[in-house]
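This report describes a single protein chain, from its overall surface to particular residues and their surroundings. The sequence and the model come first, and the description follows.

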Amino acid sequence: MSICLLHHVLLTSLVIYRVAGDTKTLWSQWWTYEGISGPDYWGLLNQDWTLCNKGQHQSPVDINPRNLVFDPNLRPLRVDAHKIDGYLVNTGHDITFFVNTTNPRPFAFTGGPLSYTYRVHHIKLHFGKIDLLGSEHTIGGRPFPFELQIYGYNGELYDNFKEAQLASHGVAAVAVFGNIGEKISPELDTLIKAVNDIPYKDNSASLADVSIMGLIPETHDYMTYEGSMTQPSCLETVTWVLFNKPLTIDKQQLSTLRRLHKAVSRDSPSLLMENNFRPPMPVNRRTIRTNIQYQKQPSSCGIQKFAFYEVNDRYRLT
């Protein structure tokens, strides 16, 4: 399809949608993960989304183990341990857990590559139609079947997530891969069981006493880089932290996620929420740092099934 024809098709759709709602609502509903509204076209028409196509620091990325730069100055990430309340939403694009802003104690993380304290705002779940796809970030070209992303905003400089995502050092995101196995995380199981109550777009359900600590693997090893949001408007204000140990998710949990709909009712059975991940974007000139010391790889590290991390000593920071 030519660019001119593509623009004609999309603009025709916009005229139809404008009858029913305002422009802001239109754009939030328009994008998808496939076809002419998929990732390749996110930045073509909406001027607020131009970074999706023209940005040089986009996320996710493929992490080449041989290009990792060991940085001994990277500290462990510190995460609060108390539980929080919130609500789970089927957005039509993914499953998102929004933290209740009225929680008496905000949940935060700091340390690692971060110079500020970040208040957790929401958690997103990404997964694939088959076991060989699902994660947004990949390791050595290989995806995982699942990726959980915890987004926080800089609570020291900004009042809320909307304000922070527009500014440098405004957002930090923690990514945790999911690997298929039997010893599942109780907290992840709680989230996925609650998904049964929100099968269709715009469905929501309250969820109490969630332990974000329980969603983070027991490891201090991670990789980090400067990137963007992985959904429109693809703002490049995110510091990413990717843990070097996956959670365990079983096939039944994946099956539960794959039965979710991205439509508003059961009248559209073919519109399943699947493959809701953005493909890896070019790394360009960015450095991906790590605190993983390749001399002492733990034998229990689940990621070893896909790749062995070999740190590039030529670029070892001191």
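The accessible surface of the protein chain amounts to about 15300 Å², and 51% of this area belongs to carbon and sulfur atoms. The model is a predicted one, and within it the chain has 7 helices and 15 strands. Of its 318 residues, 51% count as buried. Among the contacts with a separation of 6 or more, residues 24 or more positions apart account for 71%.

**W240 and its surroundings**

W240 lies in strand β13 and counts as buried, because its relative accessibility is 0%. Leaving aside residues up to four places away in sequence, W240 touches a set of residues that includes S59, H137, Q149, Y151, M223 and T230. The side chain of W240 also reaches the backbone oxygen of S228, at 3.0 Å. V174 is 66 residues from W240 in sequence, yet the two C-alpha atoms are 6.0 Å apart in space.

**Aromatic pairs**

A pair of aromatic rings is described by the distance of the centres and the angle of the planes. With rings paired if their centres lie within 6.5 Å, the count comes to 7 aromatic pairs. The rings of F109 and Y118 have centres 6.2 Å apart and planes at 15°, so this pair is stacked, and both F109 and Y118 are buried. Y151 and W240, by contrast, form an edge-to-face pair, with 5.8 Å from centre to centre and 75° between the planes. Because Y151 lies in strand β9 (residues 146-154) and W240 in strand β13 (residues 238-243), the pair ties together parts that are 89 residues apart in sequence. Y151, at 1% relative accessibility, counts as buried. Ring pairs also link W31, Y33 and W42 into a cluster.

**Helix α7**

Helix α7 (residues 251-258) has Q253, L254, T256, L257 and R258 as buried residues. These buried residues pack against β7, β9, β10 (171-180), α6 (186-195) and β14 (247-249). At the N-terminal end, α7 is capped by D250, a side-chain oxygen of which lies 3.2 Å from the backbone nitrogen of Q252.

**Backbone geometry**

Most residues other than glycine have a negative phi, and most peptide bonds are trans. The table lists departures from this pattern.

| Site | Feature | Value |
|---|---|---|
| S59 and P60 | cis peptide bond | omega about 5° |
| P232 and S233 | cis peptide bond | omega about 20° |
| C234 | positive phi, not a glycine | phi about 60° |
| N284 | positive phi, not a glycine | phi near 55° |

P60 has its place in the loop between α4 (51-54) and β1 (62-63). S233 lies in the loop between β12 (222-227) and β13, and C234 is likewise found in the loop between β12 and β13. C234 counts as buried, with a relative accessibility of 0%. N284, in the loop between α7 and β15 (289-290), counts as partly exposed at 43% relative accessibility.

**A nonpolar surface patch**

On the surface, I130, L132 and L133 form a nonpolar patch that together has about 270 Å² of accessible area. I130 lies in the loop between β7 (118-127) and β8 (138-139), and this residue is partly exposed, with a relative accessible area of 44%.

Technical notes:
Residues are numbered from 1 along each chain as its sequence is written. This is a predicted model: local features need pLDDT of at least 70, side-chain atom pairs count only at pLDDT 80 or more; totals for chains, interfaces and linings use all residues. Side-chain values use heavy atoms; hydrogens and water are left out. Patches are made of residues with over 30% relative accessible area and no salt bridge: like charges are joined within 9 Å, nonpolar side chains (Val, Leu, Ile, Met, Phe, Trp, Tyr) within 5 Å. Accessible areas come from the Shrake-Rupley method with a 1.4 Å probe; for residues, only the protein chains shown count as cover. A salt bridge is a side-chain nitrogen of Lys or Arg within 4 Å of a carboxyl oxygen of Asp or Glu. Helices (H or I, at least four residues) and strands (E, at least two) are DSSP runs, numbered from the N terminus. Buried means under 20% relative accessible area, exposed over 50%, partly exposed in between (1.4 Å probe, protein chains only). Rings of Phe, Tyr and Trp (its six-membered ring) pair if their centres lie within 6.5 Å; planes under 30 degrees apart count as stacked, over 60 as edge-to-face and the rest as tilted. Contact means heavy atoms within 4.5 Å. A polar contact is a pair of N or O atoms within 3.5 Å; within protein, one must be able to donate a hydrogen and the other to accept it, and residues adjacent in sequence count only if both atoms are side-chain atoms.
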